[in-house]
Amino acid sequence: MKGSEKSRQSLLDVPMKRILIVEDDSDIQNLLRNFLREAGYETAIAGDGMEAVSLFSSAHFDLILLDIMLPKIDGFTVCELIRKRSQVPIIMLTALGGEEEQIRGLDLQVDDYITKPFSMPVLVRKIAAVLRRSTMVPDQEHQTISYQNLILDLDSYSASVNGESHELTQREFEVLRELLLNQGRVLTRQNLLERLWRYDFYGDERVVDTHIKNLRKKLGIEFIQTIRGVGYKIDKESER
C-alpha cells in the first residue's frame, strides 16, 4: 500500500468526534452543523433543553455546544444536570456576554464561554483545543503528587482527599497541578493563563479566581494561599 493510501486509511480508522449542538435557532443550527461536518466532526442537534438532556442520556458525545437561552429548560439547567453525571467538555455559545452569566457558567464547570456573534474558524480551533485537553495523557510513567491529605493522580486526572475521590474539571486539575509542582512559588493569574489557557483565552483574568474557589469548595482544602494583588501559592510541604 502506498504512503498516501496508508495515511488515508489511518485517518479512516480514527473515530470521528461527536458534538451535540444545543441551539434553538435553525439558522445557527445549520451553520454550526455544516461547518463542523466540514471540519471532520459528527453532529447531532437538540432544539431545546429537554431534548438535549434526552439525547445526551441516550448517546455518547465528545463535546457539547450549549446555548443558554433555550425553550423548556435553559442552558444553565442543562449544564447542571449533565455535570451531575459527566465531565464531558461543554462550550457555552450565547448572546449573554455579561460578567454575571460568564461567572455562573464557570461555576457550573463549563470548559469555555463564547459570546455571539462569533467567528466559526475561531470556534473550530477552540473546540479542537478543548478536545485536546480532555484527552491529554501524560507520557511519563504513572505518577502522583501527594500533599498533606491530598493525592493528585497525573495519569487519570483525578484527585482524592483522605481517600475520598473528587471529580475535577480538566482545567481545575491543571491549575492545582501547577500550584503543586511550583510549591513555595507565587503563580500570578497571568502565569496560569499563559501556561494553561495559552491562546484559547479571551476574557477576564478573574476566571482563575473562579477555578481556585471551585477547588477549595470541592476538595475542602485550605492550603492554597491567596497573595493579594498578585496570585496564588502553596507552601513547600517540607517547610510546613
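Student: Which strands form an open sheet with antiparallel pairing, and in what order?

Tutor: Happy to start there, with the reminder that this is a predicted model. Strand 10 (187–188) and strand 11 stand at the edges, each with a single partner strand, so one side of each has no neighbour in the sheet. Three strands make up this open antiparallel sheet, and their order is 10-12-11.

Student: What is the bridge partner of Gln225 in strand 12?

Tutor: Strand 11 and strand 12 (residues 231–233) run antiparallel and are joined by three bridges. In strand 12, the residue bridged to Gln225 is Lys233.

Student: What is the strand order of the open sheet with five strands?

Tutor: Its pairing is parallel. The edges are strand 2 (42–46) and strand 5 (112–115), each of which pairs on one side only. From one strand to the next, the twist averages 20°. The order reads 2-1-3-4-5.

Student: What angle does helix 2 make with strand 2?

Tutor: Helix 2 (residues 26–38) packs on the five-stranded sheet. Its contacts there are with strand 1 (18–22), strand 2, strand 3 (63–66) and strand 4. Compared by direction, helix 2 and strand 2 make an angle of about 165°.

Student: Is Leu55 buried, partly exposed or exposed, and what is its relative accessible area?

Tutor: Leu55 is found in helix 3 (residues 49–58). Leaving out residues up to four places away in sequence, Leu55 touches Leu20, Ile45, Ala46 and Phe61. Buried would require under 20% relative accessible area and exposed over 50%. Leu55 therefore counts as partly exposed, with a value of 23%.

Student: How far apart in space are Leu55 and Ala44, C-alpha to C-alpha?

Tutor: In sequence, Leu55 and Ala44 are 11 residues apart. In space, their C-alpha to C-alpha distance is 8.6 Å.

Student: How many aromatic pairs does the structure hold, and which kind is the one of Tyr147 and Phe223?

Tutor: The structure holds two aromatic pairs. For Tyr147 and Phe223, the ring centres are 4.7 Å apart and the planes make 55°. Planes under 30 degrees apart would count as stacked and over 60 as edge-to-face, so with its 55° this pair is tilted.

Student: Why does the pair of Tyr147 and Phe223 tie together parts that are apart in sequence, and by how many residues?

Tutor: Tyr147 belongs to strand 6 (residues 144–147), whereas Phe223 sits in the loop between helix 9 (207–219) and strand 11 (225–227). Tyr147 is buried at a relative accessible area of 0%, and Phe223 is buried too, at 4%.

Student: Which kind of aromatic pair do Tyr157 and Phe173 form?

Tutor: Tyr157 is in the loop between strand 7 (150–153) and strand 8 (158–161), and Phe173 is in helix 7 (residues 170–181), 16 residues apart. Both Tyr157 and Phe173 are buried. With 4.2 Å centre to centre and 15° between the planes, the pair is stacked.

Student: What phi does Tyr157 take in the hairpin of strand 7 and strand 8?

Tutor: These two strands pair in the antiparallel sense over four bridges, and Leu152 has Ala159 of strand 8 as its bridge partner. Four residues lie between the strands of the hairpin. Among the residues of this hairpin, Tyr157 takes a positive phi near 55°.

Student: Which residue has a positive phi in the turn between strand 8 and strand 9?

Tutor: Strand 8 pairs with strand 9 (residues 164–166) in the antiparallel sense over three bridges. Ala159 has His166 as its bridge partner in strand 9. The hairpin has two residues between its strands, and the one with a positive phi, about 55°, is Asn162.

Student: How many residues has the largest nonpolar core?

Tutor: Those with the most contacts inside this core are Ile64, Leu66, Leu176, Leu219 and Ile224. Beyond four places in sequence, the contacts of Leu176 include Leu150, Leu215 and Ile234. Another core, of 17 residues, lies apart from it and has Val124 and Ile127 among its members. The number of residues in the largest core is 53.

How values were computed
Residues numbered from 1 in each chain as written. Predicted model: local features only at pLDDT ≥ 70, side-chain atom pairs only at ≥ 80, totals over all residues. Heavy atoms only, no water. Phe/Tyr/Trp six-rings, centres within 6.5 Å; stacked < 30°, edge-to-face > 60°. Buried < 20%, exposed > 50% of the residue type's maximum accessible area, 1.4 Å probe, protein only. Pairing = 2+ DSSP bridges. Axes fitted to C-alpha atoms, helices over the stretch in contact; angles between N-to-C directions. Contact = heavy atoms within 4.5 Å. Core = buried A, V, L, I, M, F, W, Y, C linked by side-chain atoms within 4.5 Å.
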